[in-house]
Amino acid sequence: MREQLEKIKTEALERIAGADGLDALNDIRVAYLGKKGELTTVLKSMKDVAPEDRPKVGQMVNEVRALLEEKLEETKAALAAKARQEQLAKEVIDVTLPAKKANIGHSHPNMVALKEVERIFTGMGYEVVEGPEIEYDEYNFTKLNIPPNHPAKDEQDTFYISKDIVLRTQTSPVQARTMEKGKLPIRMISPGRVFRSDEVDATHSPSFHQVEGLVIDKHITFADLKGTLAEFAKEMFGEETKVKFRPHHFPFTEPSAEMDVSCFKCGGKGCRFCKGSGWIEILGCGMVHPHVLEMCGIDPEAYVGFAFGVGLERIALLKYEIDDMRLLYENDIRFLKQF
């Protein structure tokens with residue numbers, strides 16, 4: 001029995017000394033001190049030892065157990081310390097190295113264009129008003145003189161959430177809500193995201209942004225509308241920019257027009273940018289329809305006004321000479337860094 005215990009002690013100490021990690025050390029503990037370990041097996045065989053030798057054998061087993069437990073703890077502490085040193089070595093920071101350059105973000109081209117539009121109109125005394133993107137059919141269509149069977153509903157390819165609730169196709173509902181409050185006169189622009197069921201291509205998207213403007217006051221004329229938009233065009237595209245108005249039709253304005261600006265790339269001479277015409281279509285506008293005023297609680301005999309709407313992406317595409325609207329939404333850092 002003595003020889004067996006010496007052999008167990010020698011083997012165990014050799015394995016402990018050669019352990020290369022805490023997992024290996026735990027395996028050694030289980031192999032010798034566990035419920036089915038070598039020393040446990042020796043203790044279970046004590047019944048075969050002569051009664052007079054059992055105290056000596058038991059003492060020897062306890063001495064070997066104590067020695068192995070001591071060595072296991074010492075080796076465990078040494079391995080843990082070594083692991084900490086290795087971890088610290090990996091985490092050493094060389095304070096002499098140059099710092100990492102922070103990547104600082106900046107405004108998106110749409111936001112750059114929007115801030116410019118807001119700057120121009122607030123400088124003219126306009127207020128910036130926002131409204132809900134999920135809108136009632138009544139505000140998105142009915143109060144804008146677009147009845148239930150009007151073709152404009154089909155033309156705009158509306159996203160319907162329910163029979164009476166839609167994703168707004170324009171920011172004009174914000175104008176209707178503002179007129180309903182009855183605080184006159186009104187000078188406002190309403191920027192925001194709008195939604196239409198368009199196929200994605202270089203000039204269309206199912207989700208884009210509009211900026212619409214509204215003025216309601218006494219003695220407002222079409223000349224006021226032309227002067228306001230001419231000033232906006234000069235501020236946005238350059239002092240030499242000219243404008244022209246073409247008759248058009250919108251349900252919520254009468255008379256209505258579309259406004260073109262002279263090509264700021266070629267000065268109106270004709271180029272690829274303006275498709276050789278010298279002019280670029282920029283927005284729609286007109287005098288607010290009397291029926292719209294009535295439905296929003298404003299007396300059309302006492303008050304008149306004008307409205308206009310421009311696509312924010314269109315301004316960004318033109319101002320920064322971007323030829324594909326999809327670039328604005330692909331989050332390509334190489335593209336966005338240019339702004």
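Let me start with what covers the buried residues of helix 8: the list includes strand 2, helix 6 (137–140), strand 5 (186–195), strand 6 (207–217), helix 10 (290–295) and strand 10 (304–311). Covering here is by contact, meaning heavy atoms within 4.5 Å. Buried means under 20% relative accessible area, with a 1.4 Å probe and protein chains only. Helices (H or I, at least four residues) and strands (E, at least two) are DSSP runs, numbered from the N terminus.

This is a predicted model, where local features need pLDDT of at least 70, side-chain atom pairs count only at pLDDT 80 or more, and totals for chains, interfaces and linings use all residues. Residues are numbered from 1 along each chain as its sequence is written, and side-chain values use heavy atoms, with hydrogens and water left out.

Helix 8 itself spans residues 172–180, and seven of its nine residues are buried. Those are S172, P173, V174, Q175, A176, T178 and M179. Just after helix 8, G182 has a positive phi of about 75°.

Pairing requires at least two DSSP bridges between two strands. Strand 3 and strand 4 (residues 165–167) are antiparallel, with two bridges, and F159 is opposite L167 of strand 4.

Last, a helix pair. Helix 5 (residues 109–123) packs against helix 11 (residues 312–319) at about 100°, with the axes 9 Å apart. Axes are lines fitted to C-alpha atoms, for helices over the stretch in contact, and angles run from 0 to 180 degrees between N-to-C directions.

Technical notes
Buried < 20%, exposed > 50% of the residue type's maximum accessible area, 1.4 Å probe, protein only.
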